[in-house]
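Reader: Hello! Could you walk me through this model, starting with how its helices meet?

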Amino acid sequence: MSLRGRLAEVQLAVMMLTRLPAGRITGDAPDLSAARWAFPFVGILIGGLTWAAHAAATALGLPPVVSAGVALAVLALATGALHFDGLADYADGIGGGRDKAHALEIMRDSRVGSYGVLAMILVSLLWVGSVAAAAPGFPEFLFAAVLSRAAMVVGQEALPL
């Protein structure tokens, strides 16, 4: 694969996993499955942005829980809250589905139900509380963001189509 092709794959991964400006892909866009190798590298970008928000809020003297909340807000804005949407869909489907078919139908519905809202609230509270208590630095933010995006690739490889 050429360098231009690899850069297009990185660009596609940024476009898929973030809402950050990534320009336009000229010519034929690479297949998303070919760009998955770049997902962890997008984690470097996301982890750096999240850490920068946390560090800036901390440097301004904000309380740890507020700094963690700012970091979570930046994470959600940078990713388009894609992880929240998936979590809410999953919680609604698992919580409200009578059977597998009904759960999948609920997950495809664009509306958010009570299980989804509750899951987002609980996960957000746990995230903010954990970050506030742990006071992570740059390496921890980076590691978490890279690991979570690498886990997406591992999950795609492990699960049947």
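Author: Happy to. Contact here means heavy atoms within 4.5 Å, and helices are DSSP runs (H or I, at least four residues) numbered from the N terminus. This is a predicted model, where local features need pLDDT of at least 70, side-chain atom pairs count only at pLDDT 80 or more, and totals for chains, interfaces and linings use all residues. Residues are numbered from 1 along each chain as its sequence is written, and side-chain values use heavy atoms, with hydrogens and water left out.

Reader: Which residues of H8 does H3 meet?

Author: From H3, the residues in contact include Phe39, Gly43, Gly47 and Trp51. Their partners in H8 are Phe138, Phe141, Leu142, Ala145, Val146, Arg149, Ala150, Met152, Val153 and Gln156.

Reader: Are H3 and H8 roughly parallel or antiparallel?

Author: Axes are lines fitted to C-alpha atoms over the stretch in contact, with angles from 0 to 180 degrees between N-to-C directions. H3 and H8 pack at about 150°, their axes 7 Å apart. Angles over 145 degrees count as roughly antiparallel, so H3 and H8 are roughly antiparallel.

Reader: Which helix gives the largest share of the lining of the largest pocket?

Author: A pocket is an open set of points on a 1 Å grid over the protein atoms alone, where a 1.4 Å probe fits, with protein on both sides within 12 Å along at least five of seven lines; lining residues have an atom within 4 Å of a point. The largest pocket is lined by 27 residues, with Ser148 and Arg149 among those nearest its centre. Eight lining residues, the largest share, come from H8.

Key
Helix = DSSP H or I, 4+ residues; strand = E, 2+ residues; numbered from the N terminus. Parallel < 35°, antiparallel > 145°, perpendicular 65-115°, else oblique.
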